Amino acid sequence: MTSRVDKPDTDADEAIRAALDQEVRPAFVVVAGAGSGKTTSLVKALAHVVAEQGPELRARTQQVACITYTEVAAREIHIDVGNDPLVLVSTIHSFLWTLIKPFQADIKQWVATHIERKTSDLEEKIVSYGTRVQAKTKEKDAAELSKYRSQCASIGKVPRFTYGTGSDYGNGILGHEDVLTLAPELLMTRPLLAKIASRKFPFIFVDESQDTFPNVVECLKQIYSSSDGMVSLGFFGDPMQQIYQRGAGAIQLEEGWIQVPKPENFRSSDRVLEVVNAVRADGDSLVQTPGRSPSERNDGEVFFFVLPSDADRTINLDRAREWLDANGASGCWTQSSPDDETKILTIVHRMAARRLGFEGLYAAFNDNQSRLGDDFIEGTAWPLRAFDQVVLPVIDAETGDEGKAIEAIRKHGVLLAEDLPPSSVKAALAKGLAAACQLRRIAREDAPGSIGAVLTLAVSEGLLEPDPRLAVFLNPDGDHNDVVISDSTSSVLNDLMNCRISEIRNYRNYVERSSPYSTQHGTKGSEFDKVLVVIDDEEGRYSLYSYEKYFGLRELSNTDRKNQAEGLATVVDRTRRLFYVCVSRAEKSLAVVLFTADVERARQKLQDSGLTGSARILTLADL
């Protein structure tokens with residue numbers, strides 16, 4: 001176990017333990033503000049169950065389930081509990097698949113119905129064609145319909161379904177979205193499955209519950225209600241940190257459930273916490289309190305800048321950072337080191353992509369209405385996997401020292417397959433090394449379209465065995481076992497091919513946090529010495545959020561007012577939550593830079609809002 005387990009208990013920790021120890025176990029919802037040590041409470045709860053219930057659980061071959069939002073979080077929590085096999089820590093998708101994968105007959109029935117529905121929808125679309133539908137669209141839809149019919153015919157021959165990254169029904173592979181829809185549907189409509197799940201997992205904890213999908217929350221409630229008080233179901237989250245639109249937000253308490261508040265903030269300095277609470281005040285009733293002892297607390301510092309949006313934003317942002325260098329008390333804001341970290345948060349990745357040199361790559365994944373956009377933000381988009389596996393290792397290997405390149409080709413390509421006859425190895429190596437030289441030349445030139453050039457070359461020369469979806473794109477007329485790619489995926493791949501290879505490296509530096517930039521979404525759960533939040537609606541071009549509406553600089557739209565009247569989430573609610581996540585990342589110092597057309601009006605609105613606390617509000621004249 002890690003030191004998290006040994007940290008002093010809070011009132012919330014004691015309340016959670018009391019709930020876990022009851023003979024008839026109640027469900028509970030932990031509402032923990034930013035910096036409260038939510039993960040610490042979760043780990044302590046897991047450790048308590050292992051210590052008190054471990055022998056009994058092992059005797060019954062049961063496990064404790066902990067559901068997280070990302071693979072990274074799952075690994076961290078599993079390390080925190082000493083990698084104990086009694087604790088199953090997994091993402092939502094993986095956990096759901098664990099529950100349903102034994103029930104192959106039910107899965108096959110769902111897949112068959114799902115494909116029939118897709119086939120029927122496409123048939124209706126084709127029947128309703130108007131005169132303006134292009135021949136290319138007709139041809140593509142007809143090909144897609146043919147593939148769906150072929151998949152439908154082959155479902156009966158699939159011996160077993162497995163879980164992968166993307167759907168390939170004909171080969172028995174289900175994708176993320178399939179599992180996310182299929183599993184809750186089965187658990188909600190087949191009481192026996194829920195009963196079996198409750199017996200396998202008598203303790204189920206959900207991390208980041210505010211971002212858990214509503215249908216998943218409902219199926220977990222179904223598992224709990226079917227257990228007759230023998231399952232302890234705990235949700236750990238914070239509705240104010242819900243930043244993904246598909247998330248459940250606040251978990252609705254059912255009869256007999258317990259709510260456990262955790263208001264302490266162990267992260268932020270006093271002045272930063274003042275802003276954190278000011279932002280939270282309009283969102284819910286939880287008031288965060290300093291978690292550190294008086295001797296460990298510090299005042300910290302907060303600055304707000306209001307700068308003109310009609311000038312060069314990058315130059316003025318640099319001027320604000322230089323001013324902070326000269327006038328702030330917390331060190332350098334213009335550079336970042338591991339011991340003195342500054343993080344610049346932008347509202348969307350496009351702002352960072354423009355400054356860091358991967359705007360074309362960003363646009364390819366995010367301007368085509370594709371689900372791949374979310375994977376790109378997380379750094380897990382499948383079309384870029386080829387670069388990590390083969391392309392970059394081959395390009396980076398020095399001529400004469402090709403060991404890493406050859407190993408990458410051997411592992412992920414077809415040129416050096418294991419069954420290659422010994423007599424052919426020398427010729428294959430020569431071919432691979434020649435192709436590697438060509439890849440390096442293309443990368444050095446770094447022309448527009450160099451991504452397409454290196455991918456096409458790597459596939460054609462056998463250096464890379466492409467993902468089936470990439471194979472369909474590169475060779476639409478080939479035999480691809482009825483793999484279907486959507487129009488939006490084709491558009492992503494087409495735009496990706498036109499990008500420069502250097503954008504991949506710049507993007508990798510960004511997602512691996514080797515640059516000072518990140519997004520206001522991407523740092524949830526993280527903390528930094530100094531945080532600089534860049535607010536710019538015009539550059540962000542993101543209709544889900546509007547800081548100008550949040551600060552009262554723009555009128556609400558009719559849709560905003562309608563949502564407000566109906567009690568639905570509004571652009572102001574979403575922006576407030578995003579701003580809360582931003583300001584609560586700071587440990588010592590916080591700076592907020594607002595770019596706007598009317599500087600004086602914005603300065604006055606900020607002053608009147610109370611959101612700035614005791615912070616100074618500076619304009620260009622102060623710099």
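Here is a short chat about the sheet, a helix pair and the cavities in this predicted model.

User: Before we start, what should I keep in mind about the values?

Analyst: The model is predicted, so local features need pLDDT of at least 70 and side-chain atom pairs count only at pLDDT 80 or more, while totals for chains, interfaces and linings use all residues. Residues are numbered from 1 along each chain as its sequence is written, and side-chain values use heavy atoms, with hydrogens and water left out.

User: What makes strand 2 and strand 6 a pair?

Analyst: Strands here are DSSP runs of E, at least two residues, and helices are runs of H or I, at least four, numbered from the N terminus. Two strands pair if DSSP finds at least two bridges between them. Strand 2 (residues 64-68) and strand 6 (residues 203-207) have 4 bridges and run parallel, so they pass that rule.

User: Why are strand 3 and strand 8 said to stand at the edges?

Analyst: The open sheet has 6 strands in the order 3-2-6-7-1-8, with parallel pairing. Strand 3 (87-91) and strand 8 (258-262) each have a single partner strand, so one side of each has no neighbour in the sheet. From one strand to the next, the twist averages 15°.

User: How do you know which strands helix 1 packs on?

Analyst: Contact means heavy atoms within 4.5 Å. Helix 1 (residues 11-20) touches strand 1 (28-32), strand 6, strand 7 (232-237) and strand 8. Its direction makes about 155° with that of strand 8; axes are lines fitted to C-alpha atoms (for helices, over the stretch in contact), and angles run from 0 to 180 degrees between N-to-C directions. Helix 2 (residues 38-59) lies across strand 1, strand 2, strand 3, strand 6, strand 7 and strand 8, at about 165° to strand 6.

User: What describes the packing of helix 15 and helix 21?

Analyst: Helix 15 (residues 385-396) and helix 21 (residues 502-511) pack at about 115°, with axes 12 Å apart. F387, D388, L392, I395 and D396 in helix 15 meet I504, R505 and R508 in helix 21. By class, that contact has 4 nonpolar, no polar and 4 charged residues. Nonpolar covers Ala, Val, Leu, Ile, Met, Phe, Trp, Tyr, Cys and Pro; charged covers Asp, Glu, Lys and Arg; the others, Gly among them, count as polar.

User: What makes a space count as a cavity?

Analyst: On a 1 Å grid over the protein atoms alone, a cavity is a set of points where a 1.4 Å probe fits but cannot get out, and lining residues have an atom within 4 Å of a point. Grid points are joined across faces, edges and corners, and the volume is the space filled by probe spheres set on the points. By this rule there are 3 cavities of 30 Å³ or more.

User: Which helix gives the most to the lining of the largest cavity?

Analyst: Helix 17, with 5 residues. That cavity holds about 50 Å³ of space, and its lining has 9 nonpolar, 1 polar and 1 charged residues.

Notes: 1 Å grid on protein atoms, 1.4 Å probe; cavity = no way out; pocket = protein on both sides within 12 Å on 5 of 7 lines; lining within 4 Å.
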